[in-house]
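Let's take a walk through a protein model together.

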Amino acid sequence: RGSEITRKMPPGHSNALFINDANKLLVDDSLAVFREAKKQGAFIFWNHPNWTSQRKDGIATLTEMHKLLIREKLLDGIEVVNDNTYSDEALQIALDNNLTIMGNSDIHKLIDWDFSIPEGGHRPITLIFATEKTEAAIKEALFARRTVVFYKNLLIGRDEFLSLIHI
């Protein structure tokens with residue numbers, strides 16, 4: 001149960017997971033949509049903060065709007081990997097602001113072709129350290145920031161969770 005809550009930059013592209021009524025998110029005001037999603041108990045994360053369509057320099061940067069969202073606890077996570085891009089700056093924003101580290105494929109084409117799956121490739125994945133295989137446990141783990149991103153055979157995350165992975 002989720003919805004994209006994209007608005008013009010800032011705040012840009014975001015997703016709200018675990019919502020109850022997507023229709024209530026159909027408001028124009030950027031701050032109001034975040035507040036409504038949070039009212040529904042949503043986990044909200046900022047998608048591709050380094051996307052050149054929104055940041056001409058391709059560098060993830062907190063705007064005053066993003067700082068407000070973080071202060072008001074309306075932003076829970078940030079994508080450090082999107083498709084074939086990784087952002088050091090987004091990772092640092094996550095660490096500095098205690099946000100959940102996310103990585104997604106944002107796939108709009110064939111996964112096998114874009115990520116060379118037949119040759120052993122993989123798309124970016126957010127690994128979630130949940131206590132059980134339930135929606136409630138996944139939601140709890142996301143809010144607790146228990147994630148690691150698997151990207152191009154690299155693991156990206158906080159040391160305490162990277163140490164849990166044995167390859």
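First, some ground rules. This is a predicted model, so local features need pLDDT of at least 70 and side-chain atom pairs count only at pLDDT 80 or more, while totals for chains, interfaces and linings use all residues. Residues are numbered from 1 along each chain as its sequence is written, and side-chain values use heavy atoms, with hydrogens and water left out.

Let's start inside. In soluble globular proteins, nonpolar side chains tend to be buried together. A nonpolar core here is a set of buried Ala, Val, Leu, Ile, Met, Phe, Trp, Tyr and Cys residues joined through side-chain atoms within 4.5 Å. "Buried" means under 20% relative accessible area, "exposed" means over 50%, and "partly exposed" is in between (1.4 Å probe, protein chains only). The largest core has 29 residues, and Phe34, Ile44 and Val80 touch the most other members. At least two residues each come from α1, β3, α2, β4, α3 and β8. Those labels are DSSP runs numbered from the N terminus: helices (H or I, at least four residues) and strands (E, at least two).

Which residues does phenylalanine 34 touch, not counting those up to four places away in sequence? They are Ile5, Pro11, Ser14, Ile44, Leu69, Leu74 and Leu75, where a contact means heavy atoms within 4.5 Å.

Another core also exists, with five residues, including Phe18 and Met102. Methionine 102 sits in strand β6 (residues 100-104) and counts as buried, at 5% relative accessibility. Leaving aside neighbours within four places in sequence, its contacts include Phe43, Phe45, Val80 and Leu142.

Now for the pocket. On a 1 Å grid over the protein atoms alone, a pocket is an open set of points where a 1.4 Å probe fits, with protein on both sides within 12 Å along at least five of seven lines; lining residues have an atom within 4 Å of a point. The largest pocket has a volume of about 210 Å³, meaning the space filled by probe spheres set on the points, which are joined across faces, edges and corners. Among its lining residues are Arg71, Leu75, Asp76 and Asn98.

Aspartate 76 pairs with lysine 38 at 2.6 Å, N to O. Aspartate 76 lies in the loop between α2 and β4 and lysine 38 in helix α1, so the bridge ties together parts that are 38 residues apart in sequence. Aspartate 76 is buried, at 13%, whereas lysine 38 is partly exposed, at 22%. Glutamate 64 and lysine 67 form a bridge too, at 3.4 Å, but both lie in helix α2, three residues apart, about one turn of the helix.

Finally, the backbone. Most residues other than glycine have a negative phi, and most peptide bonds are trans. Where are the exceptions? The bond from methionine 9 to proline 10 is cis, with omega near -15°, and so is the one from proline 10 to proline 11, with omega near 10°. Phenylalanine 18 has a positive phi, near 70°, and asparagine 98 has one near 55°. Asparagine 98 is in the loop between α3 and β6, and we already saw Asn98 in the pocket lining.

Note on methods: A salt bridge is a side-chain nitrogen of Lys or Arg within 4 Å of a carboxyl oxygen of Asp or Glu.
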